[in-house]
Amino acid sequence: MDFNRDESQDAVAEVVVSLLEHTDARDIELWPNIVDSGLLAVALPERYGGDGMGLPEVSAMLTELATDAVQAPALATLGFGVLPLLRRAPEALADKVFPAVAAGTVLTAALHEPGAPFAVQPVTTAVADGDVVRVSGRKVAVPYADRAGWLLIPTDSGIAVVEAGTPGVTVRETPASTGAPEFSVSLDRAEIPAGQLLPEGLDDLHRLALASIGSVADGLLKGVLTLTAEHVRTRRQFGRPLAEFQAVAQQIADVYVVSRTLHAAALSANWALAEYLNRGPARSWTGGAEEGRTEPQGAAARDAGGGADEHRVDDDLDVLAYCVASDLPVAMQKCHHLHGGIGVDMTHPLHRYYSQAKDIARWLGGASFRLDRLGARCSST
């Protein structure tokens, strides 16, 4: 296996870096620039004006955006929306959604129910009645639900793709550490066309969401480590740079070790998932799925010496999720401590990293929840 980025991933990362060098915006105001740069079309099929790439390129993009603590709906749109729909959406649905995404429409997914992060068995219901399906239930911690054109709603019968403004859908804003838009979503017999209920794909939705969150976490820690290392190198106390104090050097070294560990976990999980998805039947986008046809998703998938099975993928993703939920917040706290009083200044960029890390750790359910999930996979009973 080769975790090095290939030319397509490098090209995507370079576009992100160039974009961020030419604008100071780091929140929703950056979204039009992201749209104009063509980054949203990276994973879209060529039929819809896209580049036909996949998870490795999207992961590279999300990591580079997170390295500068960008707070825009790229994770929700691409990681929670586009990637899960690529292999599951019927042609009629794809014809509506994908061109809209290329033009800047936001997608999101309602992954959590009250008391159930990444709900494996959703209690939200989808009841078919002829040509329509009625969806009822409640979701929490749904990012950008107020501006999303479509929401992916996991139900007991599959994933319901619900268009914004559908009668029976109510969104209520809830607090988030970053202040970014986050909502609880209530559905009361919200009607959608039967073709917008995808009977399969919940497992892949969760896998792609976890892999994408891991890529964001990797970028956040890489960015905050660079920020903190520069601070302790240039900040002087008692006539010496902070970095020359042994206690400071030990703490920044600890953060570096966590950063490299998280980076390896994110690369491994994304590689395994890309390889696993690449081996399955791919949709032709000219009228359904073509049996046995696969689409390359980066050099790692093409050059791998062996395949990744479902258990390997889920093992890697559970390890990644635990690393993010457990280690990322602690590393951020150390960086915050090393910045001293400057770290609480809202005009300093540190808070953008710290608050995003807190939110994604919460989305994952926290360290104890993730350790329980990981332990259950390791248990023989």
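Predicted model: local features only at pLDDT ≥ 70, side-chain atom pairs only at ≥ 80, totals over all residues.
How many bridges join strand S5 (residues 158-163) to S8, and in which sense do the two strands run? Two bridges join them, and the strands run antiparallel. The legends below take up this pairing and its surroundings. Residues are numbered from 1 along each chain as its sequence is written, and side-chain values use heavy atoms, with hydrogens and water left out.

**View 1. The whole protein, with its 11 helices and 12 strands.** Helices (H or I, at least four residues) and strands (E, at least two) are DSSP runs, numbered from the N terminus. The radius of gyration, taken over C-alpha atoms, is 21 Å, close to the 21 Å that the globule rule gives for 381 residues, so the protein is as compact as a globular protein of that length; the rule is 2.2 Å times the number of residues to the power 0.38. The C-alpha trace spans about 75 × 55 × 45 Å along its principal axes. Buried residues make up 54% of the 381 residues, where buried means under 20% relative accessible area, exposed over 50% and partly exposed in between (1.4 Å probe, protein chains only).

**View 2. The open sheet of four strands, in the order S1-S4-S5-S8 with mixed pairing.** Two strands pair if DSSP finds at least two bridges between them. Strand S1 (106-109) and strand S8 (197-198) are the edge strands, each pairing on one side only. S4 and S5 form a hairpin with two residues between them, and they pair in the antiparallel sense over six bridges. Ala160 in S5 is the bridge partner of Ile153, and Ile159 stands opposite Leu198 in S8. S5 is mostly covered, as five of its six residues are buried.

**View 3. Helices H4 and H6 against the sheet.** Helix H4 (residues 74-86) packs on the sheet and touches S1, strand S4 (148-155), S5 and S8, with a direction at about 80 degrees to that of S1. H6 lies across S1, S4 and S5, and runs at about 120 degrees to S4. Axes are lines fitted to C-alpha atoms, for helices over the stretch in contact, and angles run from 0 to 180 degrees between N-to-C directions; contact means heavy atoms within 4.5 Å.

**View 4. Ser215 within helix H6 (residues 202-234).** Ser215 counts as buried because its relative accessibility is 2%. Apart from its neighbours within four places in sequence, Ser215 is in contact with Ser59, Leu62, Thr63 and Asn270.

**View 5. The largest nonpolar core, with 116 residues.** Such a core is a set of buried Ala, Val, Leu, Ile, Met, Phe, Trp, Tyr and Cys residues joined through side-chain atoms within 4.5 Å. Ile34, Phe80, Leu85 and Leu328 touch the most other members, and H6 gives the most to this core, with 14 residues. Leaving aside its neighbours within four places in sequence, Leu328 is in contact with Ala217, Leu221, Leu262, Cys323, Ala357 and Ile360.
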